[in-house]
Amino acid sequence: MAAPITTIKKIELTEAELQQAKVNELQALIVEQQQSLNKILELTAELDKAGVLDALNAVVKAKDELAGIAVAQASREPMTNMLNNAMNLVGVLTAIDPEVTAKLKSGIASGVREAELYSGTDEKVSIFQLMKALNDPDINRSIKFGMDFLKGMGKGLNGK
């Protein structure tokens with residue numbers, strides 16, 4: 001009968017053997033990905049010819065200075081006003097029912113199309129034509145919507 005195993009010898013590779021194993025693994029990967037690597041090399045060559053790599057390298061080297069400029073520009077009052085206005089606009093849009101905005105969008109598009117049809121005429125509109133136009137259901141609906149909008153906006157401005 002064989003003698004029992006009492007110790008296990010761990011095979012430790014030398015530094016040179018580890019490096020050789022890594023080189024072999026890398027060679028196998030290069031062979032597998034040859035097409036992709038060729039495309040990457042072609043792309044980087046074209047970027048270098050166009051000067052993009054030099055520009056990118058300059059940007060990376062100047063990243064701290066560029067970050068300082070970006071922060072300084074973003075903290076200017078016009079920029080902070082724009083960001084605050086954008087956030088308020090988003091708040092307005094989230095408060096409105098999407099069906100209402102879709103209907104309003106459709107109405108505005110239709111109104112612009114209609115206005116384009118008659119934009120070339122320099123004909124003056126008389127008071128009588130304005131009064132007569134109020135009887136048109138489409139015009140009346142728009143005027144009523146505008147008046148209701150103005151009433152609601154007035155209430156909002158008053159804090160009610």
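**Helices and a nonpolar surface patch in a predicted model**

Phe-149 is placed in helix α8, where helices (H or I, at least four residues) are DSSP runs numbered from the N terminus. The structure is a predicted model, in which local features need pLDDT of at least 70 and side-chain atom pairs count only at pLDDT 80 or more, whereas totals for chains, interfaces and linings use all residues. Residues are numbered from 1 along each chain as its sequence is written, and side-chain values use heavy atoms, with hydrogens and water left out.

Phe-149 also belongs to a nonpolar surface patch of about 820 Å², made together with Leu-104, Ile-108, Val-112, Phe-145, Leu-150, Met-153 and Leu-157. Such patches join nonpolar side chains (Val, Leu, Ile, Met, Phe, Trp, Tyr) within 5 Å, from residues with over 30% relative accessible area and no salt bridge, the areas coming from the Shrake-Rupley method with a 1.4 Å probe. At least two residues of the patch are supplied by each of α6 (98-117) and α8 (137-158), and α8 gives the most, with five residues.

The axes of helix α2 (residues 34-49) and helix α3 (residues 52-61), which are lines fitted to C-alpha atoms over the stretch in contact, come within 5 Å and cross at roughly 80 degrees. The two helices are therefore roughly perpendicular, a term covering angles of 65 to 115 degrees. Thr-44, Leu-47 and Asp-48 of α2 make the contact with Val-52, Leu-53 and Asp-54 of α3, contact meaning heavy atoms within 4.5 Å.

Three salt bridges are found in the whole structure, each defined as a side-chain nitrogen of Lys or Arg within 4 Å of a carboxyl oxygen of Asp or Glu. Lys-49 and Glu-46 meet in a salt bridge (3.6 Å, N to O).

Key:
Patch = residues over 30% accessible without salt bridge, like charges linked within 9 Å, V, L, I, M, F, W, Y side chains within 5 Å. Axes fitted to C-alpha atoms, helices over the stretch in contact; angles between N-to-C directions. Parallel < 35°, antiparallel > 145°, perpendicular 65-115°, else oblique.
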